Amino acid sequence: GLWLIAWGLYKKIVVADNVAGIVNRVFAPYDTLSAVGTPEDGIRCLLAVYAFAVQIYCDFSGYTDVARGTARLLGFRIMLNFNLPYIALNPSDFWSRWHISLSSWLRDYLYIPLGGNRHGKWATHRNLMITMLLGGLWHGAAWNFVYWGAFHGLLLIAYELCNQKHVKSELSLKNVVRGVVMFHFVCVGWLLFRAQNMETVYVFFDAIFHHFNSSPEAVEILKDLIFFSWFLVVFQAAQALLGRLNVMRGAPWFLRLNVWVFLVVSILGLAPKQAQEFIYFAF
């Protein structure tokens, strides 16, 4: 329980809250409906999308880890809500790893009652799209959430049309490529989720694909992103390679001690001065 609380606080306070500054700095000029020109440093826009992927994951999974850890101290076991979602190999795999409590609820109380995959391909595709559209609307009555839900519905339909067999989660070049491609599809979804209007989405795509240049600010963003998230990446890579989330159990005591010291010192020393509310408190 204490480990889950510490790990959750680290993800929220050290990673998410600091990376939020990067995201807000880049997105802020486009959050209003006033037209802003396309930036010439598309790499900065791409890094901001990566940063938001890190922010929303650490913010949301961080607070659920704190909740799970607190419950564990009181003798209760709450279901796992995130299981390394960014190593997903396909859309179906992603939704079995991301926000598991919501995705399983949508499956059990929307997708299956609508008919699931029991009435042919077209009915299955319709049910997938309805489920994801309603999942998007669950986040709020705004068009960006509708587009986000529709985008993930299209991804699931496209994967269903490919009719691929179950992919084994093993370390191979083919799976690495699958994982990288899927991560970038998810990032496109996060751009739709974070943008306050579709003009912002257009500007970001235009900058990334037609003005893929660097800038001093882009370099600073990259440095900050690496500084605040490197340990998260290393730790979660270890979780993925070892095939278990609790890598602390069974590790040498000296390694466990160093990880604990690192987390506590990071939380105390790198917490931003201004507290950031949890993103999902809005939903």
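This is a predicted model: local features need pLDDT of at least 70, side-chain atom pairs count only at pLDDT 80 or more; totals for chains, interfaces and linings use all residues.
**Exercise 1.** Work out how Y10 and F231 are arranged as an aromatic pair, and which helices they come from.

*Solution.* 
- Step 1: Recall that rings of Phe, Tyr and Trp (its six-membered ring) pair if their centres lie within 6.5 Å; planes under 30 degrees apart are stacked, over 60 edge-to-face, and the rest tilted.
- Step 2: The whole structure holds 42 aromatic pairs. One of them joins Y10 and F231, with 5.9 Å centre to centre and 85 degrees between the planes, so the pair is edge-to-face.
- Step 3: Y10 sits in helix α1 (residues 2-27) and F231 in helix α9 (residues 216-242), 221 residues apart; helices are DSSP runs of H or I with at least four residues, numbered from the N terminus.

**Exercise 2.** Describe the aromatic pair of Y63 and F278, then say whether each residue is buried or exposed, or in between.

*Solution.* 
- Step 1: With 5.1 Å between the centres and 55 degrees between the planes, Y63 and F278 form a tilted pair.
- Step 2: Buried means under 20% relative accessible area, exposed over 50%, and partly exposed in between (1.4 Å probe, protein chains only).
- Step 3: Y63 has 25%, so Y63 is partly exposed; F278, at 23%, is partly exposed too.

Technical notes
Residues are numbered from 1 along each chain as its sequence is written. Side-chain values use heavy atoms; hydrogens and water are left out. Helices (H or I, at least four residues) and strands (E, at least two) are DSSP runs, numbered from the N terminus.
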